[in-house]
Amino acid sequence: MGGLKFSGGEQPIDKRTSYDVFGNNAVAFSDSFNIEFGLALYPTNPIGYIIRIKNTENNRIYNLFYDGQGSNLSFKFNEEGKSNLITANMDKEELLNMNWFKMKLSFDLKNDSIKLTIHNKTFSIGHADLPDPYYPVVLFGKSDFIIDVPTFAIKDLSIGNKEKYMFPLNENEGNVVHDDKGKDVGIVSNPEWLINDAYHWRYQTSFKSKSVAGANYNPDKKEIYYFNRDSLIIYNVRSNNTQTQTFEEKCPVELILGTNFLEPTNNKLYSYEVFFEDTAYKGATVASLNLDTYKWTGESQDQLPTQLHHHGSYFDSSTGKYTIFGGFGSMHYCRSFFSYDLNDKTWNKLDEFSGDFLSPRYFSSVGYLKKTNSIYIFGGMGNESGEQIVGRKYYYDLYQVDLTTRNISKRWKIQWDKDNVVPVRGMVILDDSCFYTLCYPEHFSASFLKLYRFSLADGSYEILGDSIPIRSDKITTNANIYYDAGLNNLYATVQEFDDDISSTLKVYSLAFPPITAQELKSFSKGKNNNTSTFLLVIIAGCAAGAGYLLYKKRKHNVTQEDVSTLTEPEKEVKIKTTSKANAIYLFGDFEVRDRRNKDITYMFSAKLKQTFCLIMQYSAEGDGITSQRLSDVLWPGRPTDKVKNSRGVTINHLRKVLEELDGIELIYEKGCFKIVANPALYCDYTRCIEIISAENVEEYRDELVSIVVRGKFLKSSDHQLYDTFKETVEQKLEPVLLIELGKCFEAEFYQTTVSIADAIFSIDPLNDVALAYLIKAMQRMKMNEEAQIRYQSFVIEYKKIMGNKYPHSYQNLS
């Protein structure tokens, strides 16, 4: 877990990573010492220096050079500027598919020899003329004039003999490296802390298909497959290389859902459709693609009695049988097992199951554990009768199906008090302790996939990592999860359909084992800093608490004072602006209320508020804001290393605050920070944009008015970084309000007319169209004195801003 990744030649020189292990600390070893670490290599830049070992007592320097450009991986241990001492050529495929492998440099000062151990091979050199004692300065990556650095990562670093210096490299931010006791020891520049990859899903790539397509992952070849009838896209998760293979003859199966499975023994991909509504269809229902020749073979024309959307499945390579469970079709939920035999090329319904009743369902997660020869079925939705018209319920239960005895046993059922969710088709189950799967509330258009780890014993669970966005409007939309033991990664595929035909496939990765948000925070703390950190937290908490009490008192007083001086119609408007739970308000005073309706605005410092609004703005207008743009706006002119640290701290704090709300996530995707929210969260800004973008604004007019009467958009936010956001919103909002202003007056909704006019004045204080409707509406409500006061206030403001007298009299407007 964890580790430090080095940026190399793919980055400008000043962005490459440099790590001084001991920093300003002097160390010495007698007799012998070892430098041991786990090493991971990346194809981004496969050539350069990994490590240099200096000696403070002489000018001799050793270095380890890596060259991964050829058919083998070559490591050369050199005396810098003099000669090559050891050359080690290693099997490229073996090491790259391991992700992490062991590296060890052994300096035997007594016997004057050096050994280099890579994975399971050792190379050595004698007569090295080594001093005893040795005063090492250990440098990884860029150092001095050595700027040729490959892209690599190290973890679990230890240096010493009987007495070792241990460096877990589990930091998640900053430039200070701690030893295993929490002491500040080393310094690193431009680090990429890999512990973050165990929490943040890393966006890998995406592909599009204009026709129905299917997707799968082959852990043996490290390849994602995304295919339609005409072509196959192959994406290698290790090398990040993509190739497209066009078929000489198209897939024999007319793809409806794109369901498929892999048969690794013969390196084949099987595409299948269980049902065709067109009774005249006589083509193949199952076909296999040879992944060596890329030729399709029709296998079967067998069909099942009905369509089975979102069924679960598993493949048993020892028997050559592919089994599916559940699904939805023809207004029914299914509880049957069907097995396709690769040898006799037929579908067969599996009967003779005993034990507990497993209700009809779809959207279930299915996994196989060889140790127990059982499949496990988790969750989904359906009902006991199987008939859709009865209605559906969500299941949070686990069943074990023993394939030896054909017995079904219910392992557990858990209570669920959050938004209802369904799991993806697959689950990762490595042993008999737990399983992993992705779950999401499919009933929201804009939703999130979250990774859950469930105990097989009792169903207790943890949410791990951050979230993956998914747009789930179409029933064909699907996601899946895969585990690669060699690369020690989880992979998620998200396939989103626009029209049940064309789709986009997105690929994400997460380091295994994944961690919780709390675990991520714990890794960045050195033990010697705990006391001061604790005191800072206490002081900050007291200050925040005091500030919050003052804020609440002031807010209460202002509210009472305002209400006491309002006319009856205005009081009615105030009542309509009551704040909701689990909501963010950007109109008027910035306000955030958590899921329990507690006001948590005080948790947003000025910097957090700025960060949130910037990311919200860029998320609404596109794919989010790049880290560079965010840094340039929030910390202009500051050194890059300091900005990177400040940005990381700010983002982590913002994520922590947003955890108090449901239905909102701050994600990092395609190099951009992005806010993604679903309807579980109420945000007046996003709701306002939805309303003014609707075809019939009039239908939602009252709701729109209740939003804008809170006040000017980002009213108290005067920093210039908000200006563009404000201007964009106001340009969209003002023309809509002017149209509704006239409609409300014509409909004799005079109080609403006044409210809309005031909202327009918050955008354009000199809008005389709004003034005219305001005066006439007030007169209709017999508020003549108030109307004259409003007119005089407008005239004074006009004179102050324009320098001229307002050209229209009160009588002309009435």
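Visitor: Which residues form the nonpolar patch on the surface?
Guide: Met-331, Ile-389 and Val-390, with about 330 Å² of accessible area together. Areas come from the Shrake-Rupley method with a 1.4 Å probe, and for residues only the protein chains shown count as cover. Nonpolar side chains are joined within 5 Å, like charges within 9 Å.

Visitor: What sort of model is this?
Guide: A predicted one: local features need pLDDT of at least 70, side-chain atom pairs count only at pLDDT 80 or more, and totals for chains, interfaces and linings use all residues. Residues are numbered from 1 along each chain as its sequence is written, and side-chain values use heavy atoms, without hydrogens and water.

Visitor: Where does Met-331 lie?
Guide: In the loop between strands S28 (328-329) and S29 (332-333). Helices (H or I, at least four residues) and strands (E, at least two) are DSSP runs, numbered from the N terminus.

Visitor: Other loops. Which peptide bond to Pro-133 is cis?
Guide: The one from Asp-132, with omega near 10 degrees. Pro-133 sits in the loop between strands S10 (121-125) and S11 (136-141).

Visitor: And the bond from Phe-512 to Pro-513, cis or trans?
Guide: Cis, with omega near 5 degrees. Pro-513 is in the loop between strand S44 (503-511) and helix H2 (517-522).

Visitor: What is the phi of Asn-582?
Guide: Positive, about 55 degrees, although Asn-582 is not a glycine.

Technical notes:
Patch = residues over 30% accessible without salt bridge, like charges linked within 9 Å, V, L, I, M, F, W, Y side chains within 5 Å. Salt bridge = Lys/Arg side-chain N within 4 Å of Asp/Glu carboxyl O.
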